[in-house]
Amino acid sequence: MSPRPFPLFLRPLAVAAVTITAVSLFVAVLHRQSPASSQPMAARSFVLWLHGLGDSGPANEPIRTFFSSPEFRLTKWSFPSAPQSPVSCNHGAVMPSWFDIYEIPVTAESPKDENSVLKAVQTVHAMIEKEVANGVSPENIFICGFSQGGALTLASVLLYPRTLGGGAIFSGWVPFNSSIIARISPEAKKTPILWSHGLADRTVLFEAGQAGPPFLEQASMSCEFKAYPNVGHSITNEELRYLESWIRTRVKSSS
């Protein structure tokens, strides 16, 4: 359940770590040499990317290279890694996982562990609140995720009490039952949602993604649903280019 569509995702992690360390040291030296009065420029928007089962945050960082428009010059990105947890669909094996999954492939009728989903939502909301406390408007906060991370994106957006800039779901599914709809605030219902799914997905079946719009309709919400022919359980360059334009048109100017 981990996307690997881009050659640059395969960069040796050791080299990346050395590069990051060197850059960090260089920035630290510059910081010591800067006047005490200088302050770093605040991020105008925030994009949080939630990876799929068994993946890691750093492995997905090249996604940001698709966001080169001027609107993203002050965007802060975050690629957190899920905690190590036993996963039922993998016979209890411990791996990076936001919440438990009972079966693969995921279908529209797959059983759901709502308690572990809600616990993961609390973690995501804490990340959002940290950025809001740092001055980022909720309407400039975008949550995106692939597969398990896409399901968590949906849950986090719907249960956040305020309107966010948007939620983008790739190859995801609805991770809870319709009873959760009563907990969605009127403000959350205004958050735009983009849902993308490959027709050839054999891990999270297309039917699982296709169940998203009717679920949202029950909550008096709508979403932009995009089906991609011949795409399996992965994210394509085309999807990311569209995501870039989708977020770019929704970033609010600083007041």
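## Salt bridges

Two salt bridges occur in the structure, a salt bridge being a side-chain nitrogen of Lys or Arg within 4 Å of a carboxyl oxygen of Asp or Glu. The model is predicted: local features need pLDDT of at least 70 and side-chain atom pairs count only at pLDDT 80 or more, while totals for chains, interfaces and linings use all residues. Residues are numbered from 1 along each chain as its sequence is written, and side-chain values use heavy atoms, with hydrogens and water left out.

Glutamate 131 pairs with lysine 76, and their closest N and O atoms are 3.0 Å apart. This pair links distant parts of the chain, 55 residues apart: glutamate 131 belongs to helix H2 (residues 114-133) and lysine 76 to strand S2 (residues 75-78). Helices (H or I, at least four residues) and strands (E, at least two) are DSSP runs, numbered from the N terminus. Glutamate 131 is buried, at 5% relative accessible area, whereas lysine 76 is partly exposed, at 34%. Buried means under 20% relative accessible area, exposed over 50%, and partly exposed in between (1.4 Å probe, protein chains only).

Glutamate 244 forms a salt bridge with arginine 248, with 3.5 Å between the closest N and O atoms. Both lie in helix H6 (residues 237-248), and because they are four residues apart, about one helical turn separates them. Glutamate 244 is buried, with 8% relative accessibility; arginine 248 is partly exposed, with a relative accessible area of 28%.

## The sheet

Six strands form an open sheet in the order S2-S1-S5-S6-S7-S8, with parallel pairing. Strands S2 and S8 (224-228) are at the edges; each has a single partner strand, so one side of each has no neighbour in the sheet. From one strand to the next, the twist averages 15°, with axes fitted to C-alpha atoms and angles running from 0 to 180 degrees between N-to-C directions.

Two strands pair if DSSP finds at least two bridges between them. Strand S5 (residues 141-146) and strand S6 (residues 166-170) run parallel and are joined by five bridges. Phenylalanine 146 has phenylalanine 170 in S6 as its bridge partner.

## The cavity

The whole structure contains one cavity of 30 Å³ or more. On a 1 Å grid over the protein atoms alone, a cavity is a set of points where a 1.4 Å probe fits but cannot get out, and lining residues have an atom within 4 Å of a point. The largest cavity holds about 90 Å³ of space, the volume being the space filled by probe spheres set on the points.

Its lining has 13 residues, and Asp100, Ile101, Pro111, Lys112 and Trp173 lie nearest the centre. The lining comprises eight nonpolar, one polar and four charged residues. Here Ala, Val, Leu, Ile, Met, Phe, Trp, Tyr, Cys and Pro count as nonpolar, Asp, Glu, Lys and Arg as charged, and the others, Gly among them, as polar.

Notes: On a 1 Å grid over the protein atoms alone, a cavity is a set of points where a 1.4 Å probe fits but cannot get out, and a pocket is an open set with protein on both sides within 12 Å along at least five of seven lines; lining residues have an atom within 4 Å of a point.
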